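Here are my notes on the model you passed along. Have it open next to you while you read.

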Amino acid sequence: MRRRRPFLAALIAAAMAGGAAGAQLAKADDAAAKPAEAVAAEAPFLSENNAAMDRMMAAMEVKPSGDIDADFVAMMSPHHQGAIDMAIAYLRYGKNEQLRRLAQEIIVEQQQEIAAMQLALGKPAPASVPAPTQPSAPALTVPAASAAGHHHDHSGAISPSPQK
């Protein structure tokens, strides 16, 4: 049975890669029908999306460890991260509000599932970080006029005044 696992994993990976290649060919046919201007505008999204898929596929190539639980998490975590990376790329370039909302939900749900898998194995959850589509805390600035009503802590950072 152990011998079949690497074969099965390779078969699944090949099927996924083949499906991705077929999807890329279909997209290429669709792109040929679009005006060159529209295709050029889509290039940054396609580049980011393809890079996300390449990272995901490479990270999913896990050598079996003999621990099904650990192997499952080792393969699923990059799969979920790939979905997150693809959703981020969509949020950078996509316009459809329904799809943008769905992409935001994908990010949250996939991050939660990665954390749940880590916790199920007794590992610490990944560190909390700002949402990838939001500016990080140091990048935020508060204009002087709106700083009224805020107080400074000893580090010099601005924080909201307590609500009464």
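What follows is a set of numbered points, going from the model as a whole to single residues.

1. First, the ground rules. This is a predicted model, so local features need pLDDT of at least 70 and side-chain atom pairs count only at pLDDT 80 or more, while totals for chains, interfaces and linings use all residues. Residues are numbered from 1 along each chain as its sequence is written, and side-chain values use heavy atoms, with hydrogens and water left out.

2. On confidence: pLDDT is the predictor's confidence in each residue, from 0 to 100. The protein has a mean pLDDT of 75, and 59% of its residues reach 70 or more. Over residues 136–164 pLDDT stays under 50. For that stretch the model has 17 contacts beyond four places in sequence, a contact being heavy atoms within 4.5 Å. Where pLDDT is low, the predicted coordinates should not be read in detail.

3. The layout is four helices and two strands, running α-α-α-α-β-β from the N terminus on. Both kinds of element are DSSP runs numbered from the N terminus: helices are H or I with at least four residues, strands are E with at least two. Taking contacts between residues at least 6 apart in sequence, 49% join residues at least 24 apart.

4. Next, surface and burial. The protein exposes about 11,800 Å², and carbon and sulfur atoms supply 63% of that area. Accessible areas come from the Shrake-Rupley method with a 1.4 Å probe, and for residues only the protein chains shown count as cover. Buried residues make up 16% of the 164 residues, where buried means under 20% relative accessible area, exposed over 50% and partly exposed in between.

5. Now the core. The largest nonpolar core has 12 residues, among them Phe-45, Val-73, Ile-84, Tyr-90, Ile-107 and Met-117. H3 and H4 each supply at least two residues of this core, and H3 gives the most, with seven. A nonpolar core here is a set of buried Ala, Val, Leu, Ile, Met, Phe, Trp, Tyr and Cys residues joined through side-chain atoms within 4.5 Å. Val-73 is worth a click: leaving out residues up to four places away in sequence, Val-73 touches Pro-78, Met-117, Gln-118 and Leu-121.

6. How many aromatic pairs does the structure hold? There is one. Phe-45 sits in helix H2 (residues 36–59) and Tyr-93 in helix H3 (residues 68–93), so the pair links distant parts of the chain, 48 residues apart. The rule is that rings of Phe, Tyr and Trp (its six-membered ring) pair if their centres lie within 6.5 Å; planes under 30 degrees apart count as stacked, over 60 as edge-to-face and the rest as tilted. Phe-45 counts as buried because its relative accessibility is 16%, whereas Tyr-93, at 31%, counts as partly exposed.

7. Salt bridges come to four, taking a side-chain nitrogen of Lys or Arg within 4 Å of a carboxyl oxygen of Asp or Glu. One of them joins Arg-55 and Asp-85 at 3.3 Å, N to O. Arg-55 lies in helix H2 and Asp-85 in helix H3, so this pair ties together parts 30 residues apart in sequence. Arg-55 is partly exposed at 46% relative accessibility, whereas Asp-85 is buried at 17%.

8. Glu-97 is exposed at 58% relative accessibility, while Glu-105 is partly exposed at 31%.

9. Last, two loop residues. Lys-95 lies in the loop between H3 and H4 and counts as exposed, at 71% relative accessibility. Not counting residues up to four places away in sequence, Lys-95 touches Tyr-90 and Arg-100. Pro-126 is in the loop between helix H4 (97–120) and strand S1 (150–152), and is partly exposed with a relative accessible area of 44%. Leaving aside neighbours within four places in sequence, Pro-126 is in contact with Ile-114, Ala-115 and Gln-118.

How values were computed: Buried < 20%, exposed > 50% of the residue type's maximum accessible area, 1.4 Å probe, protein only.
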